[in-house]
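Please read each point with the model in view.

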Amino acid sequence: MRFALASLLLAAAAPAAADEVISLVKRNYYAYGYKDGTTSGKPDGYAYGMGGLETISYDKIQKILYGTSEAGAVTVIDYANGPEDAPQTDIVLTIEGTLTHTSVCPERGLLFVVSLDDPNPGHVFVYKAATRAEDGTITPPSLITKVEVGYGPDMARPNSACTILAVANEGEGEYDDITGLTNPPGSVSLINVENLDNITVTNVVFPWTDEELAAKDVHLPLSKNALEYWNSHSSIADEVNFDNAIATYTSADGLEPEWAEWSANDEYVLVNLQENSALVKVNAVTGVAEDIYSYGLKSWENNPIDIIEDDGCATMPTVPGLFSDRRPDSIEVVVVGDETYILTANEGDDVEYGPFEEKLKSKDIFVGSSLGLQGATAANEIFDAASPMDGQSKYFNDDCDEEVVGWCAKSMRMAVGTSMVDFSNVTAPHIKKIVAIGGRGVSVYKLTDDGLELVWDSGSEFETEGCKNFPWAHNGIQDEEFAAVNSTRWFADPGLQETLLEMNDPEEDGCEDGGDGNPGACPLGKTVDERSLKDGYAAEAIVSGMACGKRYMVTVSEKNSVGFLYDISDISNPQLVQVFHLSPASETLNPNLAYAARTIGEIDAESIIFMEAENSPTGEAGILFAGAWSSTTSFWKFNCDKATGDGAAQMDEKPADDAAQMDEKPAEEPMGDNSSSAFTVTSSVLAAAAVALVALVV
């Protein structure tokens with residue numbers, strides 16, 4: 001064990017590669033909240049898969065980091081000394097409902113916490129933010145008021161003056177066997193907080209009809225006609241209940257705001273609708289949704305795509321007739337001169353209500369010489385019953401034969417919403433395109449008076465460069481479903497227990513060796529290609545900022561923790577300068593083992609903060625990543641002397657193989673941090689420890 005530990009420490013302490021534009025400074029581990037019913041003091045619940053850092057928000061004036069936990073708490077992290085010493089304090093806000101986002105206004109000292117209460121309208125809790133005294137003592141936030149907003153609030157963003165808070169109300173539907181589908185409308189709430197004694201709310205409704213949305217190429221997973229088809233004329237008509245959703249339907253029910261950003265002059269709120277692959281432009285002065293723009297479909301006719309399970313990326317065909325909805329999770333607004341640009345992280349997503357799934361395997365749609373959608377027809381170039389192996393769908397057909405057509409992707413996931421299917425005839429829907437889910441990269445759009453103009457798309461770069469740099473993580477997956485049986489997640493979520501049993505059973509979806517020689521959940525390195533037929537590299541968060549005299553954007557693929565750093569100084573021609581991995585230990589250790597060994601990195605980096613030098617606690621530009629399932633943060637600094645290099649650099653802090661010998665049992669308490677509740681990893685400390693250990697071993 002001494003030798004194994006020495007190897008691990010030496011690996012972690014390895015110096016940064018010569019061409020790294022960004023490099024890891026420090027990783028911190030945080031509690032998701034309290035364990036064993038504790039309700040006060042420092043948070044003491046440490047476990048993988050608990051959603052301890054769903055989102056983070058940073059107060060650059062007070063140097064305080066707020067972390068939002070799936071467990072229903074907002075924790076306060078002292079960032080006065082930056083990432084090197086960033087303890088979780090004993091200040092915890094326990095708030096009713098399911099917390100989805102926090103946002104802070106440092107200049108006005110305000111903190112906003114978003115909470116949903118499905119199926120009822122949600123709320124935003126307005127706080128006086130925490131303050132720091134001269135002696136460093138932190139005074140906790142104090143509640144000012146609670147404001148009701150729309151259904152399913154998912155995210156909030158203040159304008160630059162922090163006088164108006166824009167809230168994206170997703171309005172996600174709920175399904176049960178008694179009432180069927182209840183699908184409230186999506187909307188935007190504008191909370192005027194200029195006068196804290198007279199806070200007002202304007203709820204912005206979406207006025208468009210299904211026909212108007214179709215004319216604008218806006219995707220609807222379930223238009224009214226689609227609801228009627230699935231409810232009365234499909235193969236699942238006897239199982240599904242959409243009666244209530246049809247009777248109360250408005251087009252806004254199918255529009256789901258996910259993210260909001262402000263235009264440069266605070267005149268407009270730009271609202272991202274993920275499930276609709278569209279952007280809404282809201283006039284913040286009049287409170288009117290002025291227009292809605294589609295992001296358009298991504299074609300794979302000239303872009304290679306990995307939809308073949310070959311344990312890697314050896315075969316990536318171009319596919320005429322195959323498209324995908326980008327469906328970005330988040331957006332970023334960048335202003336260059338007088339032009340406004342929108343950066344999109346094209347994650348992909350879909351809806352599922354009871355027996356209905358928008359995302360179907362292609363072999364269930366194209367079934368030999370027939371169509372799996374009851375009563376459906378298809379464009380001849382896509383599918384011809386008389387010659388099914390001659391159409392564009394031949395690679396996706398249940399009868400596909402690799403020896404005949406070269407390759408097959410029978411389980412490719414496709415989205416049977418309005419981008420793919422015309423439901424004008426509710427008894428005979430028409431397949432007009434083959435449409436997959438997710439753009440497998442990022443895009444840059446210019447906002448014009450007429451809508452969105454696609455300026456640049458990453459094409460196949462995520463899959464080609466991601467596979468080149470980290471083949472062991474290519475289209476792989478780690479998420480909460482990889483938590484251990486009888487873990488904290490197991491007991492916290494009984495509804496997930498059956499899935500956890502399957503994911504930890506080698507006879508089902510688990511592995512014979514989880515990384516320590518024992519059966520369990522699979523390491524990331526043993527899940528290669530598992531997302532290839534689904535959404536591939538699914539970028540979730542995207543941010544940009546200035547560093548080293550250049551403008552950069554950064555994003556991370558949600559499921560496999562591969563990051564991409566681009567130089568966007570020329571906004572119309574972004575250049576990939578570095579591919580990095582947030583959790584190299586996951587190559588050989590499943591997340592339970594890696595968490596116990598405190599070698600896990602960020603899993604599901606839903607939150608990223610770009611800290612420009614003047615706002616950074618270190619005085620250097622850097623990027624702060626937060627892993628939702630790992631409950632970790634890592635701070636990466638910019639190396640300005642390397643920022644002038646060309647080409648994409650690789651960051652791989654690969655752990656030693658001996659790390660697999662670490663104890664399997666998840667630690668209830670962090671190791672090695674004497675006074676804070678955050679376990680930290682720093683290269684200087686590890687290097688010194690490694691030298692000492694090597695001397696002992698020798």
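1. β13 (residues 164–169) has six of its six residues buried, so the strand is largely enclosed by the rest of the structure. In a regular strand, side chains alternate between the two faces of the sheet.

2. On the basis of the note: this is a predicted model, in which local features need pLDDT of at least 70 and side-chain atom pairs count only at pLDDT 80 or more, while totals for chains, interfaces and linings use all residues. Residues are numbered from 1 along each chain as its sequence is written, and side-chain values use heavy atoms, with hydrogens and water left out.

3. On the whole chain: the protein chain contains ten helices and 46 strands. These elements are DSSP runs numbered from the N terminus, helices being H or I with at least four residues and strands being E with at least two. Of the 698 residues in the protein chain, 61% are buried. Among contacts (heavy atoms within 4.5 Å) with a separation of 6 or more, 60% join residues 24 or more positions apart.

4. Which strands pair with β13? Strand β12 (residues 153–158) is antiparallel to β13 over five bridges, and strand β16 (residues 187–192) runs antiparallel to β13 over six bridges. Two strands are taken to pair if DSSP finds at least two bridges between them. P158 has L165 of β13 as its bridge partner, and V167 stands opposite S189 in β16. The hairpin formed by β12 and β13 has five residues between the strands, and in its turn C162 has a positive phi of about 55 degrees.

5. Strand β3 (residues 64–69) also has six of its six residues buried, so β3 is largely enclosed by the rest of the structure. I64, Y66 and T68 point one way from β3, and L65, G67 and S69 point the other way. β3 is antiparallel to strand β2 (residues 55–59) over five bridges, with T55 bridged to T68. With strand β4 (residues 73–78), β3 forms six antiparallel bridges, and S69 is bridged to A73. Each pairing is a hairpin: four residues lie between β2 and β3, where K63 in the turn has a positive phi of about 55 degrees, and three lie between β3 and β4, where G72 in the turn has a positive phi of about 95 degrees.

6. An open sheet of three strands, with mixed pairing, has the order β31-β34-β33. At its edges stand β31 (377–378) and β33 (421–422), each with a single partner strand, so one side of each is left without a neighbour in the sheet. β33 pairs with β34 (residues 430–431) in the antiparallel sense over two bridges, and D422 stands opposite H430.

7. Which residues have the most contacts inside the largest nonpolar core? In this core of 85 residues they are W230, F242, I307, F366, F396 and I431. Strand β19 (residues 268–273) supplies the largest share, five residues. Such a core is a set of buried Ala, Val, Leu, Ile, Met, Phe, Trp, Tyr and Cys residues joined through side-chain atoms within 4.5 Å. Beyond its neighbours within four places in sequence, F396 has contacts that include I307, V319, L322, F366, M412 and I434. Apart from this core lies another, of 23 residues, among them A539, V562, I571 and L576.

8. W230 also belongs to the buried residues of helix α3 (residues 224–232), together with A226, L227, Y229 and N231. The buried residues of α3 pack against β15 (180–182), α4 (243–247) and β27 (356–357).

9. The count comes to one cavity of 30 Å³ or more. A cavity is a set of points, on a 1 Å grid over the protein atoms alone, where a 1.4 Å probe fits but cannot get out; lining residues have an atom within 4 Å of a point. The largest cavity has a volume of about 110 Å³, the volume being the space filled by probe spheres set on the points, which are joined across faces, edges and corners. Its lining includes L181, P221, L227, Y249, D253 and E256.

Terms used
Buried means under 20% relative accessible area, exposed over 50%, partly exposed in between (1.4 Å probe, protein chains only). On a 1 Å grid over the protein atoms alone, a cavity is a set of points where a 1.4 Å probe fits but cannot get out, and a pocket is an open set with protein on both sides within 12 Å along at least five of seven lines; lining residues have an atom within 4 Å of a point.
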